[in-house]
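Have the model open as you read.

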Amino acid sequence: MASVSATVKQKYLVDVMLAISFIICFVTGVLKLPGFVRFFHRAAIEMPIDQITSLHDASGILLGLFTLVHLYLNRRWIVSVTRKLLEKQ
């Protein structure tokens, strides 16, 4: 197995957590849509909206935090690419 630097492992972990929090936030957001249950013709479904809302809110906060960490860890690359793009114009 190839050796991976600590920085690469750190970025990978942040990206995995970003993906997980996004998926949870997206799915719970869809479940909270007013017409979701009616769309699938299952009016008898009882969904725990309080728990879904709490999960949605928490995952949204985590998504924001992991996004900020992701941007911080990739700041040098972002600045470098921005400079290159601005130089060509």
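Start at L18, which touches L63, F66, T67 and H70, leaving aside residues up to four places away in sequence; contact here means heavy atoms within 4.5 Å. L18 lies in helix α1, where helices are DSSP runs of H or I with at least four residues, strands are runs of E with at least two, and both are numbered from the N terminus. With a relative accessible area of 17%, L18 is buried. The cut-offs are under 20% relative accessible area for buried, over 50% for exposed and partly exposed in between, using a 1.4 Å probe and protein chains only.

A quick word on ground rules: this is a predicted model, so local features need pLDDT of at least 70 and side-chain atom pairs count only at pLDDT 80 or more, while totals for chains, interfaces and linings use all residues. Residues are numbered from 1 along each chain as its sequence is written, and side-chain values use heavy atoms, with hydrogens and water left out.

Now zoom out. The protein has four helices and zero strands, and along the sequence that reads α-α-α-α. Of its 89 residues, 12% are buried. Take the contacts between residues at least 6 apart in sequence: 74% of them join residues at least 24 apart.

Back to α1, this time with its partner α3. The axes of α1 (residues 6–31) and α3 (residues 49–73) come within 8 Å and cross at roughly 150°. Those axes are lines fitted to C-alpha atoms, for helices over the stretch in contact, and the angles run from 0 to 180 degrees between N-to-C directions. The crossing of α1 and α3 is left-handed, which is to say that the near helix is turned anticlockwise from the far one by less than a right angle; clockwise would be right-handed. By class, their contact has 14 nonpolar, nine polar and two charged residues. Here Ala, Val, Leu, Ile, Met, Phe, Trp, Tyr, Cys and Pro count as nonpolar, Asp, Glu, Lys and Arg as charged, and the others, Gly among them, as polar.

Which residues of α1 are buried? They are V14, L18, S21, C25 and T28, and what covers them includes α3. On α3, the buried set is I52, H56, S59, L63 and L73, with α1 and α4 (75–87) among the things covering it.

A few pairs show how the sequence folds back. L18 and L62 sit 44 residues apart in sequence but 7.8 Å apart in space, C-alpha to C-alpha. L62, in α3, counts as partly exposed at 41% relative accessibility. A58 is also in α3 and, at 39%, counts as partly exposed; its C-alpha is 8.8 Å from that of S21, 37 residues away in sequence.

Finally, α4. Its 13 residues reach 18 Å from first C-alpha to last, close to the 18 Å expected at 1.5 Å a residue, where the expected span is 1.5 Å times one less than the number of residues. How many of the 13 residues of α4 are buried? The count is zero, and α4 is hardly covered.
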